[in-house]
Amino acid sequence: MTAAQTAVETIQREMTIFARRARATAGRMHPELSLVSYTLLGHLELSGGCRATDLAAHYALDKSTVSRQVATLERTGLIERRLDPEDHRVHVLHLTEAGEEILAQVTRSRRDAFQERLADWPEEDLVRFAAYLERYNDAGPAAGSD
């Protein structure tokens, strides 16, 4: 096996560990907010609202998966459906005030956890790591398909 092949194997293994840790940590940050739910709330905040089908397409998730997450988020009062002002046949999902508060709380907790874990890293390593992650995520197919 070449050094590059070994590195790719290590990257794959470590990213799998990272993903498992992220899912487990999400449950501790807010018991009712899964990692998928947190991600969807974050997207709704950034986009200013969108349709459930847009969420499914953006994250390359099955529509039924998004529908279940959306139903849970609606039931818990974190998102709401509003008629699209340009097309009244379409509902657009938006964060509620409670959704904005929970998202901000969990985001702060996640940021604190990352800062704690990376506290002893030199600044140049942090900058390089951030750039590599962006490069990796920008280079591949839609999120969720790896």
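Helices (H or I, at least four residues) and strands (E, at least two) are DSSP runs, numbered from the N terminus. On this basis, the chain contains six helices and two strands, which follow one another from the N terminus in the order α-α-α-α-β-β-α-α. The structure is a predicted model, in which local features need pLDDT of at least 70 and side-chain atom pairs count only at pLDDT 80 or more, whereas totals for chains, interfaces and linings use all residues. Residues are numbered from 1 along each chain as its sequence is written, and side-chain values use heavy atoms, with hydrogens and water left out.

The C-alpha trace of the chain spans about 55 × 30 × 25 Å along its principal axes. Of the 146 residues in the chain, 25% are buried (buried means under 20% relative accessible area, exposed over 50%, and partly exposed in between, with a 1.4 Å probe and protein chains only). Among the contacts (heavy atoms within 4.5 Å) with a separation of 6 or more, 48% join residues 24 or more positions apart. The chain carries 18 positive and 23 negative side chains, and the centres of the two sets lie 6 Å apart; Lys and Arg count as positive and Asp and Glu as negative, while His and the chain ends are not counted. The place of a charge is taken as NZ of Lys, CZ of Arg, CG of Asp or CD of Glu.

Helix α4 comprises 13 residues, 63-75, and extends 18 Å from its first C-alpha to its last, close to the expected 18 Å. The expected span is 1.5 Å times one less than the number of residues in the helix. Within α4, the residues V66, Q69, V70 and L73 are buried. They lie on the same side of α4 because they cover an arc of only 100 degrees around the axis, the arc being that of the directions from the helix axis to the C-beta atoms. The buried residues of α4 pack against α2 (35-47), α3 (52-59), β1 (79-84) and β2 (87-95). On the face of α4 turned away from its buried side, R68 and R75 are exposed.

Backbone angles of note occur on both sides of this helix. A60, in the loop between α3 and α4, has a phi near 55 degrees, a positive value in a residue other than glycine. Most residues other than glycine have a negative phi. A60 counts as partly exposed because its relative accessibility is 37%. Just after α4, G77 adopts a positive phi of about 80 degrees.
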